[in-house]
Amino acid sequence: MSTTAASTPSDPRDTPAEVRVRFCPSPTGTPHVGLVRTALFNWAYARHTGGKMIFRIEDTDAARDSEESYQQLLDAMRWLGIDWDEGVEVGGPHGPYRQSQRGEIYQDVIAKLIEAGHIYESFSTAEEIAERHRAAGRDPQLGYDGYDRTLTDAQKQAFRDEGREPTWRLRMPDEDLTFTDLVRGEITFKAGSTPDYVVVRANGQPLYTLVNPVDDALMEITHVLRGEDLLSSTPRQVALYRALVDIGVAKQEPLFGHLPYVMGEGNKKLSKRDPESNLFLYREQGFLPEGMVNYLALLGWGYSADQDIFSREQLVERFDVADVNPNPARVDIKKATAINADHIRLLPEAELVERLVPYLQAAGLVSDPITEEQHRLLAAATPLVQTRMNLLGEAPDMLGFLFTADADLVVQEDALKKLGEDPVAVLDRAISEVEALGEVSFTTEALEAALRGAIVEDMGIKPRLAFGPLRSAISGRRISPPLFESMELLGRDSSLARLRALRERLAAS
RNA sequence: GCCCCCAUCGUCUAGCGGCCUAGGACACUGGCCUUUCACGCCGGCGACACGGGUUCGAAUCCCGUUGGGGGUACCA
């Protein structure tokens with residue numbers, strides 16, 4: 001519950017009384033892991049400090065934004081259990097929380113910035129800027145040169161008479177700009193390295209560069225935790241923030257913390273195209289939200305020196321931005337999967353049953369809604385697969401044979417190989433042993449005792465080979481959940497039918 | 001070009017001057033357990049990018065080099 005964790009030794013200001021963080025995505029495309037990791041870190045920090053999480057939508061680009069994407073963002077947050085205290089859907093004192101609905105607020109701020117002289121009209125085109133650089137013997141690649149800073153009214157009028165509409169640029173301070181990054185420490189951008197930049201389009205619409213800091217200021221954000229890709233735009237934001245403080249819109253500038261990149265294979269930034277960047281693909285494959293949260297948290301942060309499996313509660317208990325690692329993290333599907341597997345094992349059995357249902361339904365193995373009979377079977381089968389699964393999506397493959405009619409069971413090619421010297425004899429013996437077992441004594445223990453006694457001891461066949469043919473007959477697979485347990489679940493009639501079916505098939509060939 | 005960030009096993013990381021002959025996890029790998037496959041358990045392989053300093057002492061601090069990455073828009 002301590003809020004002092006937020007401050008770093010070099011932080012010159014007092015730690016704000018309450019931590020207020022925000023997650024402010026643009027609703028474009030499908031949520032990707034880097035974005036969600038950012039949401040998670042903001043959330044974890046808010047919860048750790050007892051602060052507030054604000055969820056704002058930056059939909060200022062009508063051409064790219066979509067309602068579908070917005071719905072997916074909500075879906076992603078809810079799936080992972082990342083909740084928010086103020087923002088879209090829940091409201092709050094600083095609404096509205098969609099930038100597309102905040103136009104008047106921005107116009108008001110723009111008017112104040114103009115009045116105070118922080119932004120000025122700029123008529124220069126990109127070509128004119130480059131041309132001036134060339135004429136002066138400078139690199140034409142250099143950015144905006146500040147030419148319009150000192151335009152007289154007459155000059156402006158002349159441009160207007162040509163039919164030109166100006167953009168508005170922020171007057172950058174002509175001095176080194178330093179801030180203390182929560183993750184990286186003190187960072188200084190040299191004076192002159194950041195040109196005056198455009199904050200309002202020629203058509204009067206504000207740009208992200210204006211709107212983002214303005215909303216952070218109005219929503220009283222204290223800690224801006226965002227991706228490293230925004231690090232180099234921080235001097236611009238800080239400069240604007242200072243202007244906002246000057247005109248009374250902002251109380252003070254927030255603290256910044258830039259979270260490391262999330263990379264794909266090799267050294268390339270994870271793009272939205274890469275399948276491993278799509279959050280929902282993980283869900284489809286059967287990642288548990290617990291597993292996903294755990295793995296995501298490991299992208300730039302660690303729970304402790306010798307433990308990397310932890311719960312959401314443990315994350316909240318320990319998370320601190322100051323402990324975030326500055327180097328880029330690569331997503332490793334295998335590690336993510338291994339972590340998910342651990343969470344599957346940690347789940348109470350009854351809970352796992354419920355989590356499994358949608359995956360079996362999607363595969364068409366059980367009905368929707370699931371019948372009582374199916375549910376009973378699944379509940380009995382779940383303990384057999386809990387330590388065998390890495391992803392919930394593996395369940396249909398592992399348990400399918402239990403939910404398939406005997407006549408529809410397909411024995412895979414793979415399961416017909418390496419069945420030993422005389423699989424027909426083994427199956428014959430198994431059939432007679434099973435027949436001898438009554439309905440009531442058709443249990444895992446009785447089955448194992450009878451079959452082991454007959455095939456392993458009597459016939460002298462090694463266990464490895466002894467049960468192979470039975471496994472193939474029962475499950476149709478070379479690899480399956482434990483055999484005797486599976487037979488018990490299937491029942492005597494079904495087990496016999498399957499043993500006989502494979503026996504006939506092998507005898508015929 | 002200019003500006004900024006980053007640099008420990010293949011990967012994610014612990015390490016914040018002596019506890020480091022560098023710890024953990026995933027992956028890989030040898031074995032045990034075992035009705036298959038897993039789980040579990042025991043073991044192995046495997047890293048401080050390089051060069052200078054500072055210091056009694058450096059993976060840890062400083063500088064440089066190299067190598068990655070990002071920014072440099074009337075996108076966000």
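Which element supplies the largest share of the lining of the largest pocket? Helix α1 does, with five residues. The legends below place this and other local features in the structure. The structure is a predicted model, in which local features need pLDDT of at least 70 and side-chain atom pairs count only at pLDDT 80 or more, whereas totals for chains, interfaces and linings use all residues. Residues are numbered from 1 along each chain as its sequence is written, chains are lettered from A and ligands numbered from 1 in the order in which they are written, and side-chain values use heavy atoms, with hydrogens and water left out.

View 1. A pocket is an open set of points on a 1 Å grid over the protein atoms alone, with protein on both sides within 12 Å along at least five of seven lines, and its lining residues have an atom within 4 Å of a point. Grid points are joined across faces, edges and corners, and a volume is the space filled by probe spheres set on the points. The lining of the largest pocket has 41 residues, of which S26, H32, L35, D229 and L230 are the closest to its centre. At least two lining residues come from each of β1 (20-23), α1 (33-49), α2, α6 (208-218) and β9 (223-227). Helices (H or I, at least four residues) and strands (E, at least two) are DSSP runs, numbered from the N terminus. The lining divides into 15 nonpolar, 14 polar and 12 charged residues; Ala, Val, Leu, Ile, Met, Phe, Trp, Tyr, Cys and Pro count as nonpolar, Asp, Glu, Lys and Arg as charged, and the others, Gly among them, as polar.

**View 2. The second largest pocket.** This pocket holds about 390 Å³ of space. Among its 13 lining residues, K418, R464, L465, G468 and R478 are the closest to the centre. Helices α17 (463-466) and α18 (468-475) each supply at least two residues of the lining. By class, five lining residues are nonpolar, two polar and six charged.

**View 3. The largest cavity.** The whole structure has three cavities of 30 Å³ or more, a cavity being a set of grid points where a 1.4 Å probe fits but cannot get out. The largest cavity contains about 60 Å³ of space. Its lining includes M172, P173, F189 and P235. Six of the lining residues are nonpolar, three polar and two charged.

**View 4. Strand β5 and its partners.** Within β5 (residues 167-170), T167 and R169 point one way, W168 and L170 point the other way, and all are buried. Buried means under 20% relative accessible area, exposed over 50%, and partly exposed in between (1.4 Å probe, protein chains only). In a regular strand the side chains alternate between the two faces of the sheet. Strand β4 (residues 119-122) pairs with β5 in the antiparallel sense over four bridges, and R169 is the bridge partner of Y120. Two strands pair if DSSP finds at least two bridges between them. Strand β8 (residues 198-200) also pairs with β5 in the antiparallel sense, over two bridges, with V200 as the bridge partner of W168.

**View 5. Selected salt bridges.** The structure holds 39 salt bridges, each a side-chain nitrogen of Lys or Arg within 4 Å of a carboxyl oxygen of Asp or Glu. R98 and D59 meet in one of them, at 3.3 Å from N to O. R98 lies in the loop between β3 (86-87) and α3 (103-115), and D59 in the loop between β2 (52-55) and α2 (67-80), 39 residues apart. Both R98 and D59 are buried. R503 forms a salt bridge with D428, the closest N and O atoms being 2.7 Å apart. This pair links helix α20 (residues 492-508), which holds R503, with helix α15 (residues 423-436), which holds D428, across 75 residues.

View 6. E89 is found in the loop between β3 and α3.
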